[in-house]
Amino acid sequence: MTASSAPGSGSATGCHAGADEMSRAAAAAGKSEVLERYAADYPTGPHDQPQSMCPAFGSLRVGLRMRRTATVLSGSACCVYGLTFTSHFYGARRTVGYVPFDSETLVTGKLFEDIREAVFKLADPEKNDAVVVINLCVPTASGVPLDLLPKEINGVRIIGIDVPGFGVPTHAEAKDVLAGAMLKYARTEAERGPVQQPREGRSGRPTVTLLGEIFPVDAVGIGRMLAPMDLAAGPTVPTREWRELYAALDCAAVAAIHPFYTASIREFDYAGRQCVGSAPVGYEGTAAWLNAIGKVCNVSEAKVAMASNAILPAIKGALGGAPIDARITLSGYEGSELLVARLLIESGADVRYVGTACGRTPWSDADREWLEAKGVTVKYRASLENDLAAMHEFRPDLAIGTTPVVQKAKEHAIPSLYFTNLISARPLMGPAGAGSLAQVVNAALANKERFDRMRDFFEGVGEGDKAGVWEGVPVEHVEFRERNQQQLERQAKRRKAQEMV
Ligand code: SF4
């Protein structure tokens, strides 16, 4: 990322400056309020900020997945390159807008004028319902005032948010920054007067809004589970279209399936909607969740019992029909790690450790307590070091984790699964979740013998100096290293002697 000097902020504000320096610059440039809100919404303590991708990716992805929404990045070219690359790698079918800058446009205020001009160009009601502008690290640290953008142009909503890496800990929480900003906007629209109905019309029954990106089949499954209670599944937030935001707010209750959506939950709270944590995963999880939803939605105990009786035997059957017999460690940054661990344990797995990059909120308390009662170590804001230490300590038969965890597991011939690609991309809820998770886990476990053979075959290859692609076999020159070492030692001795003079 380029470093730019911003006299307005009184400091160099490139990413090399470090998070503290960037935060100080942003505060000096008038962004204290937003940074304080992020610190309260997404606390990083007691652990440090976890290693993760650029947080802004979360907001960008939410914007790019919405119909009739233009998403524009304001930040350094290298950050924008990385974010654009990642979005298209994950199948974004929309253009990523970019307003470039240099030191001069940043410090003279011209960048804000350029953003304003871009926003006016994009605010075409024929094409867009909303234009989202995301300030990355440098513009946030320099105080580019997106809140001065018009709130609406020709009926197109303009949403400006700051998503700096030094203020928002994970990309998961950055999804909440944009989802929360959109819900806030939609809530004020709904308070002012009539708003658009959902595309398929309003549900005939009270709905439960699903908070968190879930596998599409799960939303259908949850709808079926709710039907005996005369409830229906509402929209999933982040939504795929602006008008769904109104339907999301117009619910009987909110299911915080992913527990880190603090800003969104605040908006639901302002709209007078109650929130329920955890999710219908496994037998016990589903039973508890149906009860909690029933209570919040004033459903009679008889109807809750009807809903439970309709689904719990099938879940029990699915769990019993697809057992998992293995010791597992699990970590990720999606926010659903605790739910997956519950399902693994109900399938018979011996789960020792769950690490999540997300922070602790009241909405995962029920899952944390359930897991801890089973002797599982639950680590919020888990770092890569925490995850690797757990893998070394518990010596699992299977490690589920992020890319570097999986890579380390492979080096040790431990079967492993990428959380994001292989666990998040399948159903988790109800009977479908139980069967599907066991299938992928057991297939990975069956690879153990292959891993052992590969480790034995490749033992020593591609390690240390031999890592990388070579045309021939690298020749070790032990004498070079020895000579260098001797020189370094002589140098150190000379320095010591000079210090004593
Ligand atoms: S915007 Fe993202 S990639 Fe760029 S410096 Fe900030 S955290 Fe890093």
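A: Let's sort the residues into classes before anything else: Ala, Val, Leu, Ile, Met, Phe, Trp, Tyr, Cys and Pro count as nonpolar, Asp, Glu, Lys and Arg as charged, and the others, Gly among them, as polar. With that in hand, the shell around the ligand has seven nonpolar residues, three polar ones and no charged ones. So ten residues surround the ligand, where being near means that a C-beta atom, placed from the backbone, lies within 6 Å of it. The closest are Cys54, Cys79, Leu136, Cys137 and Gly165.

A word on what you're looking at. Residues are numbered from 1 along each chain as its sequence is written. This is a predicted model, and local features need pLDDT of at least 70, side-chain atom pairs count only at pLDDT 80 or more, while totals for chains, interfaces and linings use all residues. The protein chain averages a pLDDT (the predictor's confidence in each residue, from 0 to 100) of 89, and 95% of the residues score at least 70. Residues 1-15 are another story: their pLDDT is below 50, although this stretch has 48 contacts in the model beyond near neighbours in sequence. Contact here means that two C-beta atoms, placed from the backbone, lie within 7 Å. Where pLDDT is low, the predicted coordinates should not be read in detail.

Now step back to the overall layout. An automatic or database domain assignment sets the domain bounds, and the protein chain is divided into domain 1 (5-169), domain 2 (207-317) and domain 3 (323-455). The C-alpha centres of domain 1 and domain 3 lie 33 Å apart.

What about the inside? The largest nonpolar core has 145 residues; a core like this is a set of buried Ala, Val, Leu, Ile, Met, Phe, Trp, Tyr and Cys residues joined through C-beta atoms within 7 Å. Val131, Val208, Ala255, Ala256, Ala341 and Leu344 have the most contacts inside this core. Helix α7 (residues 171-192) gives the most to it, with eight residues. Helices (H or I, at least four residues) and strands (E, at least two) are DSSP runs, numbered from the N terminus. In soluble globular proteins, nonpolar side chains tend to be buried together. Take valine 208: leaving out residues up to four places away in sequence, its contacts include Leu226, Leu231, Cys251, Ala255 and Ile293.

Next, helix α14 (residues 365-373), where Ala366, Asp367, Arg368, Trp370 and Leu371 are buried. Buried means 20 or more other C-beta atoms within 10 Å of a residue's own, exposed means 12 or fewer, and partly exposed is in between, with C-beta atoms placed from the backbone. Those buried residues pack against α11 (282-296), α13 (337-346), β13 (350-356) and β14 (377-380). After α14 comes glycine 375, with a positive phi near 85 degrees.

Asparagine 154 has a phi near 50 degrees and sits in the loop between β6 (152-153) and β7 (156-162). Serine 278, with a phi of about 60 degrees, is in the loop between β11 (275-276) and α11. That serine counts as buried because 24 other C-beta atoms lie within 10 Å. Proline 238 belongs to the loop between β9 (232-237) and α9 (243-249).

Finally, a few partly exposed spots. Tyrosine 98 is in strand β4 and falls in this class because it has 16 other C-beta atoms within 10 Å. Skipping residues up to four places away in sequence, tyrosine 98 touches Val72, Leu73 and Val80. Proline 100 is in the loop between β4 (96-98) and α4 (103-108), partly exposed with 13 other C-beta atoms within 10 Å. Methionine 306, in helix α12 (residues 301-321), is partly exposed too, with 16 other C-beta atoms within 10 Å. Methionine 306 and alanine 227 are 79 residues apart in sequence, yet their C-alpha atoms are 9.9 Å apart in space.
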